[in-house]
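Hi there,

Here is the structure I promised to pass on.

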Amino acid sequence: MAVQLIECVPNFSEGRRQDVIDEIVNCFKGKRGVYLLDHRADEDHNRLVISLVGAPAPIQEALLEAAKVALKHIDMNAHQGGHPRIGAVDVVPFTPIKGITMEECIELAHSFGERYYKETGIPVYFYEDAALRPERKRLEVIRKGQYEVLKDEAKTNPDRRPDIGEACLQPTAGATVIGARKFLVAFNVNLDTPDVN
């Protein structure tokens, strides 16, 4: 069987407390089959972005370990930051690199989402190529109103309910968006003006 390699860029809603950042990042260090390429924490966004490459099975194990750390330390009811978010573990995308197809990454996202909910109690929305509903392909549709709005609408609006889990968010960790997608290149631009318009 050919070696399977995926990229995974999990985003966590923590960019200020260095001890929590270190504990999350340590979940991806020294694990056979998991290669930590980069991690960046941003205080203004209050967000941690981790870049990984590796085999699907060990990456899933490390993700679950990190999610349990996030569940222990991050309370979305107290979280504030400049980046849109709905959960302590906000988004987990899988991208095929070698020996694995997009269809297999979609299956991976779905099976991991089921296991993730069973082991953490955090409900899951699927996005991009793994979306179960066409309108949920776009992350911004799922994140509309962010955690503060979604925690109420997940209970009352059938269109906002998670794909996996009860019709509510986890009381402190919110929800996680899991998906399969192509490579994403994102960058920030700082504008030298106080006028947002």
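Below is what I found, starting with how the values were made.

This is a predicted model, in which local features need pLDDT of at least 70 and side-chain atom pairs count only at pLDDT 80 or more, while totals for chains, interfaces and linings use all residues. Residues are numbered from 1 along each chain as its sequence is written, and side-chain values use heavy atoms, with hydrogens and water left out.

Seven of its eight residues are buried, so S4 is largely enclosed by the rest of the structure. Buried means under 20% relative accessible area, exposed over 50%, and partly exposed in between (1.4 Å probe, protein chains only).

Now for its partners; two strands pair if DSSP finds at least two bridges between them.

- S3 (residues 34-42) pairs with S4 in the antiparallel sense over eight bridges, with Val 34 opposite Gly 54.
- S1 (residues 5-8) is antiparallel to S4 over three bridges, and Glu 7 has Val 53 as its bridge partner.
- S2 (residues 11-12) runs antiparallel to S4 and is joined to it by two bridges; Phe 12 is partnered by Leu 48.

The S3 and S4 hairpin has four residues between the strands, and Asn 46 there takes a positive phi near 55°.

Elsewhere, Val 185 lies in the segment after strand S7 (176-180). Val 185 is exposed, at 75% relative accessible area.

Best wishes
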